[in-house]
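Subject: Structure for you to look at

Dear colleague,

I am passing on the structure we spoke about, and I would be glad if you could look through it alongside my notes below. They begin with the core and then move on to the helices.

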Amino acid sequence: VDTGANVLNTICQRIFVPPVIGVVLGLVCASQPHLFWLLCGGELGHIDNTHKCPAENAVLGSLSSGLRLLGNAAVPLNLMLLGISLSKGPSWESLPLPTTMAIVVAKMVVMPFLGAALIYVLDVYFTGIFNAVDPYDIPIYLAIATVTATPSANNLLVMANAAGGNVRAMGTVIFAQYLMAPVLLSISLTVVVVASVAPADHVRWYY
């Protein structure tokens, strides 16, 4: 029993890291009318996203304003942490070089094509779920490829540190991704753009 409890406790610690907890709390507060009214104001019992949050009648408006300031500071702080982690340089001995290169290729070459292929399947075979109509079809594929082809964010370092993982190895992988980004990112986006506008047998193939 103790072993099972320890395993469950370890799993919960690995899953419920601070970013995940923040997202869950945000979803709860945004989906519950009374919590939304306390934080953002407006009409009690109704979720109205059209007015400024927090409104003048928000009971916890000062808390919402403070959280908004923290949220606005997240991206600049994240970029600063990313610069600090990259300035330390890679630790190639923390992870085998073939493993590092495999992760880089999987993240920056395989993932953009899998992402765009998924959207293509949804667009062609599940039009009720997703329907990319002209002129938005090609930009959607390009956006998916861009998002998935870019290097991993610094959030992985934060989550690896919180979960007790190998931070140096994660930093090395991120460093390698940024090192290869000028080449791999350009190739991936070029292939997606060229393939997305090239008709073949009256069907727009993307790969």
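By a nonpolar core I mean a set of buried Ala, Val, Leu, Ile, Met, Phe, Trp, Tyr and Cys residues that are joined through side-chain atoms within 4.5 Å, where buried stands for under 20% relative accessible area. Please keep in mind throughout that this is a predicted model.

With that definition, the largest nonpolar core consists of 5 residues, namely Val 104, Met 108, Ala 176, Ala 181 and Leu 184. Two helices, α5 (97–125) and α8 (167–196), each supply at least two residues of this core, and α8 gives the most to it, with 3 residues. Leaving aside residues up to four places away in sequence, Val 104 touches Ala 176 and Leu 184, and its contacts also include Val 109, Val 173, Gln 177 and Met 180.

As for the chain overall, there are 8 helices and 2 strands, and read along the sequence they follow the pattern α-α-α-α-α-α-α-α-β-β. Buried residues make up 25% of the 207 residues, while residues 24 or more positions apart account for 56% of the contacts with a separation of 6 or more.

Helix α4 (residues 61–87) deserves a separate look. Its 27 residues should span 39 Å at 1.5 Å a residue, and its end C-alpha atoms are 39 Å apart, which agrees. Even so, α4 has a kink of about 35 degrees at Ala 74, shortly before the proline Pro 76. The buried residues of α4 are Gly 61, Ser 64, Leu 82 and Ser 85, and the helix is followed by Gly 89, whose phi is positive, near 80 degrees.

Finally, is Ile 144 buried or partly exposed? This residue, found in helix α6 (residues 137–149), has 26% relative accessibility and therefore counts as partly exposed.

With best wishes

How values were computed. Residues are numbered from 1 along each chain as its sequence is written. This is a predicted model: local features need pLDDT of at least 70, side-chain atom pairs count only at pLDDT 80 or more; totals for chains, interfaces and linings use all residues. Side-chain values use heavy atoms; hydrogens and water are left out. Helices (H or I, at least four residues) and strands (E, at least two) are DSSP runs, numbered from the N terminus. The expected span of a helix is 1.5 Å times one less than its number of residues. The bend at a residue is the angle between axes fitted to the seven residues ending there and the seven starting there. Buried means under 20% relative accessible area, exposed over 50%, partly exposed in between (1.4 Å probe, protein chains only). Contact means heavy atoms within 4.5 Å.
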